[in-house]
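Open the model in your viewer and keep the sequence beside it. This tour tells you what to select next and what is there.

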Amino acid sequence: MSLARASLLLRQKHTVGSVSLIQRRFASHDSHAHHEHHDDTHYSREAGFSTPFWRNTVLLSLLAVGFYKWAPSPNQDVYLTRWLAQYTTPSEIWAAINEKHLLLSQQASDNAILQADAKRPNLHRYRYPQILDTGSPHLQPVGRVADMSSTAVRSG
């Protein structure tokens with residue numbers, strides 16, 4: 001393909017692209033400023049006590065009053081209460097389970113505190129521990145050497 005032909009194709013694409021861009025820009029714009037139309041023919045429903053909201057409110061109020069009047073009192077033993085009590089765990093069992101859990105939690109807490117506060121015994125590690133046995137214990141003046149009779153040398 002020659003260089004002149006390539007530049008001609010590019011020029012055609014550029015002019016076609018810019019024309020279509022301009023057409024799209026003006027085609028997508030639609031002015032609504034002069035075409036406003038107010039629709040006054042739509043009427044809302046008349047507000048009053050005959051709407052479904054008020055009907056439902058009255059029905060729910062009657063239902064609540066009826067339930068309050070004919071519902072059993074709190075001290076009556078109703079069938080539903082007895083049936084639920086049959087399938088629930090007694091409170092003594094829950095108290096025993098909670099006490100056991102409390103004791104195990106306390107023991108776990110004590111173990112965690114013991115491990116967190118544990119420290120290794122204080123040791124002074126000498127680089128050459130054999131130096132402790134180099135001198136003769138018999139030719140030392142009184143008070144010159146510390147008493148090391150309770151000191152044990154550990155190897156390793």
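Start with a term for solvent exposure: a residue is buried under 20% relative accessible area, exposed over 50%, and partly exposed in between (1.4 Å probe, protein chains only). Select Trp 83: at 39% relative accessibility, Trp 83 counts as partly exposed.

A word on the model. This is a predicted model, where local features need pLDDT of at least 70 and side-chain atom pairs count only at pLDDT 80 or more, while totals for chains, interfaces and linings use all residues. Residues are numbered from 1 along each chain as its sequence is written, and side-chain values use heavy atoms, with hydrogens and water left out.

**The whole chain**

Zoom out. The protein chain has 4 helices and 0 strands, where helices (H or I, at least four residues) and strands (E, at least two) are DSSP runs, numbered from the N terminus. The order from the N terminus is α-α-α-α. Of the 156 residues in the protein chain, 1% are buried. The chain exposes about 16,400 Å², and carbon and sulfur atoms supply 60% of that area. Accessible areas come from the Shrake-Rupley method with a 1.4 Å probe; for residues, only the protein chains shown count as cover.

**Colour by confidence**

pLDDT is the predictor's confidence in each residue, from 0 to 100. The protein chain averages 79, and 75% of the residues score at least 70. Which helix has the lowest confidence, and which the highest? Helix H1 (residues 3-27) is lowest, at a mean of 65. Helix H4 (residues 91-117) is highest, at 96. Where pLDDT is low, the predicted coordinates should not be read in detail.

**Helix H2**

Select residues 52-70. This is helix H2, with 19 residues. The expected span of a helix is 1.5 Å times one less than its number of residues. For H2 that gives 27 Å, and the end C-alpha atoms are 27 Å apart, which agrees. The number of buried residues in H2 is 1, so the helix lies largely in the open.

**Helix H3 and its rings**

Move to helix H3, residues 79-87. Show the side chains of Trp 83 and Tyr 87, which sit 4 residues apart, about one turn of the helix. Rings of Phe, Tyr and Trp (its six-membered ring) pair if their centres lie within 6.5 Å; planes under 30 degrees apart are stacked, over 60 edge-to-face, and the rest tilted. The count is 3 aromatic pairs. In the pair of Trp 83 and Tyr 87, the centres are 5.6 Å apart and the planes at 70 degrees, so the pair is edge-to-face. Tyr 87 is exposed, at 60% relative accessibility.

Tyr 79 is exposed at 59%. Together, Tyr 79, Leu 80, Trp 83, Leu 84 and Tyr 87 make a nonpolar surface patch of about 620 Å². Patches are made of residues with over 30% relative accessible area and no salt bridge: like charges are joined within 9 Å, nonpolar side chains (Val, Leu, Ile, Met, Phe, Trp, Tyr) within 5 Å.

For another ring group, select Phe 49, Phe 53 and Trp 54, which ring pairs link into a cluster.

**The salt bridge**

A salt bridge is a side-chain nitrogen of Lys or Arg within 4 Å of a carboxyl oxygen of Asp or Glu. The count is 1. Select Asp 77 and Arg 82: their closest N and O atoms are 3.5 Å apart. Asp 77 is exposed at 53%, and Arg 82 is partly exposed at 45%.
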